[in-house]
Amino acid sequence: MSAQKKKAFQIEAFKHRVVVDPKYAEKTWKILEHAIHEIYNHNASGLSFEELYRNAYNMVLHKFGEKLYSGLVTTMTSHLKEISNSIEAAQGGLFLDELNRKWAEHNKALQMIRDILMYMDRTFIPNTHKTPVHELGLNLWRDVVIHFHAIQSRLQAILLENVRRERSGEVIDRGLMRSITKMLMDLGPSVYQDDFEKHFLEVSADFYRLESQEFIESCDCGEYLKKAERRLNEEIERVSHYLDTRSEVKITNVVETEMIESHMHRLVQMENSGLINMIVDEKFEDLGRMYCLFRQVSNGLVLIRDVMTSFIRDTGKQLITDPERLKDPVDFVQHLLDLKDKYDKIITSAFRNDKTFQNALNSSFEYFINLNSRSPEFISLFVDDKLRKGLRGVTEEDVELVLDKVMMLFRYLQEKDVFEKYYKQHLAKRLLSGKSVSDDAERSLIVKLKTECGYQFTSKLEGMFTDMKTSQDTMQGFHASHGSDIGDGPMLSVQVLTTGSWPTQPITTCNLPAEILGICEKFRNYYLGTHTGRRLSWQTNMGTADLKATFGKGQKHELNVSTYQMCVLMLFNDADRLSYKEIEQVTEIPTSDLKRCLQSLACVKGKNVLRKEPMSKDIADTDTFLFNDKYTSKFFKVKIGTVAAQRESEPENQETRQRVEEDRKPQIEAAIVRIMKARRVLDHNNIVAEVTKQLQSRFLPNPVVIKKRIESLIEREFLERDKGDRKLYRYLA
Amino acid sequence: MKRKDTVKLISAEEMEFIIDKDAAMVSQTIGGFAEMELGEVTFPEISAVILEKICQYFYWALQYSRGKETEFHIEPELTLELMMAPNYLHT
């Protein structure tokens, strides 16, 4: 305050009434008490608030705050006692109504009282740490009315009864319920919880326990889940209408525990309607529902996943070991793909693409596909079939789809190197016989394999394609330079194969007919003329020939045969009848191949250009062959070549296996050396683990084999054993 | 002529001050009084001079809250009484 000397201060007497009257406090209080009465009796409109406010103000100001406060407490309490009596007297259904009405009135009264006593609230109460007026009002209500034991138990009972009625389908007054619960919440969260929520949850748990027991005896899995879902939704709706939102989580927990968790196992295992049946019958809706419900329960999804996984494994195992299926590899693989499709669909549509389920599916497939050691071969045969004829006339996108599916199966294989071996063989046959449906499709698959396994895996395969292309160019060059020479002679078409890229074939003997030899020599000279330092050898077991044949009545046919078959048939140009031994002698074709080729020439209906004596199915050393004059066929061009890639016979399979094992040895050794060079010193278990990790993209190495390789390396002084610890190995530079 | 949104504050000497309701609401106590319904409140213990100053304060407070930051000048003679009133009115 700035001192102003101009005007002298004049402090006038305070204009408020000075307290002289000792009974002042008592009088003032009486006024206020009367006012409170009026308020509770709904006569508030006659009061002057300003006056009351002023009175309260004065009391506090003159240090009678204590009296005011305690007076308030007493008055309010007595009013509330009256109120609770009247509520208690209410009959049956009117109880809640009465309670609600009185509560609303009390609130209004409290508001007015608070306004009047605001000064006290502001100054006296904080100073003395007493409860503010509004809170005081609520507390008194709680203590005098709600916790009045006659009312308390009745209130609880009625509330719970209402909920029970609603659950059985009756309609109740939701608005009233809402007001009551709101009242409880206003009185304090612990009031709501202790007086209502706790019991609500208990009672609900009992209710649902009973109900779920009933349901599970009478319903099948799908129906039960529907009912559970419905109840769950009901409860959520109930909470939104007249309960505290924080109760939602608690009540849904209760429902889920009672209805789902307690019966989890029983539901899943239910006969004729449990999880397995749903999967088999593809009941997506039911599965989806089960997924959603079980997800809320701990270990719910784990249970579903486990049951599904063991089922897939069993189905897969059955499929793998079924001898009927194994007879037709293409069919077998198709079944695998169908199985995978089915489960993919289930996981996508019912299980929301849950990653853990995908993983479970993948691991199951990996498990049983590798149970059958011939899976790599069969998958290659499947691809072979598709690339030979299955994908004829199919759109590019669909081709990609099929190839992607094949790749997916490929990923499950543990022995990828076995697959590579077979794939190479089958690819070679396809390329050489020109039987591939689509070059693009072939290349596309190679690219996919390369992305999956790296360059090394596909380098040889790509080499095969390159050879084919180069051969075309070579042939063009050959014809350009020698075209005039050939004239009437046989037309030659050569594919030059680089030895390393193509599957190794043993060189077989075969005497080519004289007519052919001539032109073969011409080609050899031409080729060696342009490529010095190379060696060519004819692969007679892989070639084909087209022959023009004239039969008895002058029918002409064009026969497409293998090279061996050509050699045999050419012999019949000079003789009508030849014994087995004679044929063998002249052609020098190995026995098993010769027998097979004769079989397809003489014993197959529609393709028997030769006749055999005696007419048995098998070729014996003592058989004789005659040219079949009477051969007829609807077609001009007849194909008698050896058939497409077949599943190997047992001995062949053993042979391939052995070769694969042999190939693996150096790979394991290379891995060991690589690891030891980096680590210098390592113990046995760790080496095995590292080697397995490095090679797992190709195959799963056998620890016994690894051990043998280590010992071999020790012998060759790449590694040595540590003097002190026998299990430790050291790298020798 | 009583416009809609106004209230009448009556001092001890029965001098009437008519102000906007918004201005009156600055005081929480006046806001709470039931007489607001009727549109007039009596203050038998507050003198006209003080009540006038209080009304001015209400308007100033409104202006200040709307961003116009001016000073509120109080004559020194009034200060003592002027301190009691807001205490009473919770302003």
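Student: Which residues line the second largest cavity?
Tutor: The model is predicted, and the lining is read from its atoms. By class, the lining has eight nonpolar residues, with no polar and no charged ones. The residues that line the second largest cavity are A:Trp29, A:Leu32, A:Ala35, A:Ile36, A:Leu68, A:Ile113, A:Ile116 and A:Leu117.

Student: Which helix gives the most to the lining of the second largest cavity?
Tutor: Two helices of chain A, H1 (24–40) and H4 (94–116), each supply at least two residues of this lining. With four residues, the helix that gives the most is H1(A).

Student: What volume does the second largest cavity have?
Tutor: Rolling a probe the size of a water molecule over the atoms shows where empty space is left. In this model, three cavities of 30 Å³ or more are counted. For the second largest cavity, the volume is about 50 Å³.

Student: How is H4(A) oriented relative to H6(A)?
Tutor: Helix H6 of chain A covers residues 133–146, and H4(A) packs against H6(A) with the axes 10 Å apart. The angle between the two helices is about 150°. An angle over 145 degrees counts as roughly antiparallel. The orientation of H4(A) to H6(A) is therefore roughly antiparallel.

Student: Is the crossing of H4(A) and H6(A) left-handed or right-handed?
Tutor: The residues of H4(A) that meet H6(A) include A:Trp103, A:Leu110 and A:Ile113. A:Ile113 is also one of the residues that line the second largest cavity. As H4(A) passes H6(A), the crossing is right-handed.

Student: How many nonpolar residues does the contact of H4(A) with H6(A) have?
Tutor: On the side of H6(A), the residues in the contact include A:Val133, A:Leu138 and A:Trp141. The contact also has four polar and two charged residues. The number of nonpolar residues is nine.

Student: Why are H28(A) and H29(A) described as oblique to each other?
Tutor: Helix H28 (residues 650–679) and helix H29 (residues 684–695), both of chain A, pack with their axes 10 Å apart, at an angle of about 120°. Angles of 65 to 115 degrees count as roughly perpendicular and those over 145 as roughly antiparallel, so an angle between these ranges falls in the remaining class. The two helices, H28(A) and H29(A), are therefore oblique.

Student: How many charged residues are in the contact of H28(A) with H29(A)?
Tutor: The helices H28(A) and H29(A) have a right-handed crossing. Among the residues that meet there are A:Arg674 and A:Arg679 in H28(A) and A:Glu690 in H29(A). Besides eight nonpolar and two polar residues, the number of charged residues in this contact is three.

Key: Residues are numbered from 1 along each chain as its sequence is written. Chains are lettered from A and ligands numbered from 1 in the order in which they are written. This is a predicted model: local features need pLDDT of at least 70, side-chain atom pairs count only at pLDDT 80 or more; totals for chains, interfaces and linings use all residues. Side-chain values use heavy atoms; hydrogens and water are left out. Axes are lines fitted to C-alpha atoms, for helices over the stretch in contact, and angles run from 0 to 180 degrees between N-to-C directions. Angles under 35 degrees count as roughly parallel, over 145 as roughly antiparallel, 65 to 115 as roughly perpendicular and the rest as oblique. A crossing is left-handed if the near helix is turned anticlockwise from the far one by less than a right angle, and right-handed if clockwise. Contact means heavy atoms within 4.5 Å. Ala, Val, Leu, Ile, Met, Phe, Trp, Tyr, Cys and Pro count as nonpolar, Asp, Glu, Lys and Arg as charged, and the others, Gly among them, as polar. On a 1 Å grid over the protein atoms alone, a cavity is a set of points where a 1.4 Å probe fits but cannot get out, and a pocket is an open set with protein on both sides within 12 Å along at least five of seven lines; lining residues have an atom within 4 Å of a point. Grid points are joined across faces, edges and corners, and a volume is the space filled by probe spheres set on the points.
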